[in-house]
Amino acid sequence: MEPNFFRLLFLLLFAPYFLVCDAHAHDSSPSHSHPWSPPSTSTSAPQSSPSSTTSATATPSAPSTTAPTSSGTSPSPSSSGNSSATFNSSTTTSSPTSSLSQSGPLTIPISTYPFSPFPTPTLLPEPPVFPETDPLYPPPVSSDPVIVPDFAPAWSIAYSKAQALISNYTIAQKANITTGVGWAIGPCVGNIPPVVDFPGLCLQDSPLGVRFTDLVSSFPAGITVASSWNRAFFRARGLAMGQEFKAKGVNIALSPMMNLGRVAQGGRNWEGFGADPFLAGEVAYETILGMQSGGVQATAKHFINNEQEYMRTQESSNVDDRTQHEIYGQPFMRSVMAGVSAVMCSYNLINNTYACNNNKTLNDILKREYGFQGFVMSDWAATMNTLSAVEGLDMTMPGDITFDSGNSYFGGNLTAFVQNNTISLARLDDMATRIVAAWYYLHQDQDYPQTTLDSWNTNDPINQQVNAMDNHTSVVLEVASAGIVLLKNEGVLPLKNPKSIVLVGSDAAPPMSGPNEYPDQGGDPTGILAMGWGSGTDRFSYLISPYEAIQARARVATSIFSWDFDNWDLTAAASAVVDQEVAIVFLNSDSGEGYITVDGNAGDRKNLTAWHGGDQLILAVAAQNNNTIVVTNSVGPLILEPWVEHPNVTAILWASLGGSEAGNAITDVLYGDWNPSGRLPYTIAKNASDYVPLTLGGDPATILQINYTEGLFVDYRWFDAQNITPRYEFGFGLSYTTFEYANLAITPIASTDVPESALIENWTAGGASPIAEGSSTALWLHMPAFQVTFDVSNTGHYLGGDIPQLYLHHPASANEPPSILKGFTNVALESGQTSRVSITLSRYDVSVWDVVRQGWAKPNGTITFSIGASSRDFRLNGTVPV
């Protein structure tokens, strides 16, 4: 029999026993969130330079470092050393612990914690703006969304079914629904066991495809789809991924990832959607609508402030309240508005309280303020104690405290805590109900496919039992093409069947040992870089390199085609490009998750220079060829200054990470089959020192303090405030054609939200949104309030797509950055064609977070806006009539 059979047999027969065994152990050092105590710098004028101060303080309960795992899922933070929580331990008691200093995790005593469920939404649907919506049937995608889908009725039905299902379950059975069976037990990276007539759940990575199995697509990475700035592609990629997860029998996809690129060197930035909260929020929103319409539950991760890999399990991201709401919370808020089923809390601490043990972020912001109806799961082994359930954690993954530890903070310990009234039965009911309701919410009780993957045995035939790829090759190709950004073009692109072409650099080639030459892509790439490394990957079913794709195109045009893939023999490279009509140099830069180190890069990048001597390679080629085109496959920004202004560098394509169709996408753009319309989702600086630096330091006995002293001034907001000239600004991207904007107008939209008219009047008069359930996602705040319209004309010679962008400018008294992205749209036009386009703003869009009143309010003074082609190329200007 296959090993997978024995694993499943063990799961079914024995895992439930380990989960339900009575245990009366109390956590001896549970941490608890403390009052929101932010740094005081973020809402004032920006400092003279971005800083990320390292101030590590020793704390007795700090977790020790963990060795990187070879298993491919995120390594676990060690638990507090004196915890006695186990699956089946004998009775153990402990005394309440005293609070530690504010430089380390705070704690609360063992006590009795009552619980009252958050009220469910009661506002009635109001079509067409606020229609009742089933997650399988979201509103159609739009370049200017004006519909706010109402998922409350679908959640209400799901809650009723879940409550009925578990009504006769025992405490232990309810606890089992909240507890994974343990690391590497079961077919998926996370597994909830069958409980009575609930069939259990399969949880599986990754944000770009189904991990640890075969016959699945490798979609372009999150940073690539974000570079398209096109909601139709956000949605299409999400839908195709959701369909593939469902085809493989995965209930919960651990996707999408939406942490922002606060630190340009951040190892997992490529999994996310760029450095702006509005852009990231829109990609997350459409991705989730797409994924869940495909039938799988989506997971918004990592909540919150997980912005670097270094010391991620032992660092406190110290963020003020306003910055948290306006910057880092926005993508998660939009995820809740998309009806997301699950949210994953992160490894790090937030203001010195662990994210999975943080009452402020989990209960107050996510569940109360955002009105989140789904469930919160831990990142793998990020649960810190049993009382995390009190602080808002609903599910622990993968179940054991640390990998293969054989014990759990939930399971038997959660059962004991409920039995002795430390945790209320109502809270356990709420946890189990949320998890089961999400299953009903996605209709997974109705003929959902069986799981057909084995995460732990690559050669298990079950991994090839179902071909999930369908016709998704076209989606992969179109998204990869749309995500390519043209940074420079001296009139040499598109290519017009040149007589001779030479490709230079290893990034043009197929990987030497095939597309999956390293587990989790965790090695020095020997060919085209099409995804980063870590748990955010999947296994390529195929991979098209530029060498293959360009050669096929060159043969059609009968061009002479040659190549040199050796980055280090600069003499040979220079010789190879002499007398060639076109020389295309390929370079890359890689990063990933911190449990894998590649060439000294422990997840985060050591620097922002090209890998494999790319800068020197370009200079060697450009010295011998006056038509040198550079193609970059990178996880994030690079410093291009050594060669960007070289007179022989005639064009630059920024291709990010294109997935399995990377080579074809690059070829289509080079030859003009696809007119580039991508835009940068981050700033490319002239100097690495212009970015917020990676915070280093610390040791196994300390919590590394990372102070977000830049506050609201992240990425282009910082560059604008400090008048720093970037090499290429946020939102920048060229086309093979040109566009002009004209005839700007802005019109207030009359509200149809009669039940909330008093709240609208209060906001108009300068009041803030109330402190209430769902206050930040309320209909009155997000429904259309102002419509901006203008003409876009294609004044060039090619059919092309444009991405007009809207930036708000708040009055100086608001202490906001000079320009803030609050809208974008896309339009495709024939040469000479003009189209009227619109960008709709809500009251939320023109509001700022009022820390004193704890709500959203419009600032006093005049709010203006600009329409432009990037964050520094404004064409039209207007005033918001508030």
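A search of the whole structure, which is a predicted model, gives 30 aromatic pairs. Rings of Phe, Tyr and Trp (its six-membered ring) count as a pair if their centres lie within 6.5 Å; planes under 30 degrees apart are called stacked, over 60 edge-to-face, and the rest tilted. Tyrosine 728 and phenylalanine 732 form a stacked pair, with 5.3 Å from centre to centre and 25° between the planes. Tyrosine 728 is buried at 8% relative accessibility, and phenylalanine 732 is buried at 17%; buried means under 20% relative accessible area, exposed over 50%, and partly exposed in between (1.4 Å probe, protein chains only).

One aromatic cluster consists of Trp229, Phe234, Phe278, Tyr716, Phe730, Tyr807, Phe824 and Phe874. The ring of phenylalanine 824 also has the charged end of arginine 231 over it, 4.2 Å from the ring centre. Arginine 427 is placed over the face of phenylalanine 115, at 5.5 Å from the centre of that ring. A charge sits over a ring if NZ of Lys or CZ of Arg is within 6 Å of the ring centre and within 35 degrees of the ring normal.

Two disulfides (cysteine sulfur atoms within 2.5 Å) were found in the whole structure. In one, the sulfur atoms of cysteine 188 and cysteine 202 are 2.0 Å apart. Cysteine 188 lies in the loop between α4 (171-177) and β2, and cysteine 202 in strand β3, so this pair ties together parts 14 residues apart in sequence. Helices (H or I, at least four residues) and strands (E, at least two) are DSSP runs, numbered from the N terminus. The torsion about the S-S bond of cysteine 188 and cysteine 202 is about -100°, so the disulfide is left-handed. The other disulfide joins cysteine 345 to cysteine 356 and is right-handed, with 105° about the S-S bond. Both cysteine 188 and cysteine 202 are buried, and cysteine 345 and cysteine 356 are buried too.

Strand β3 belongs to an open, mixed sheet of three strands in the order β2-β3-β4. Strands β3 (residues 201-204) and β4 pair in the parallel sense over two bridges; pairing requires at least two bridges found by DSSP. Leucine 203 stands opposite isoleucine 252 in β4.

The chain has an average pLDDT (the predictor's confidence in each residue, from 0 to 100) of 89, and 88% of the residues score at least 70. Over residues 1-104, pLDDT stays under 50.

Residues are numbered from 1 along each chain as its sequence is written, and side-chain values use heavy atoms, without hydrogens and water. In this predicted model, local features need pLDDT of at least 70 and side-chain atom pairs count only at pLDDT 80 or more, while totals for chains, interfaces and linings use all residues.

Methods:
Contact = heavy atoms within 4.5 Å.
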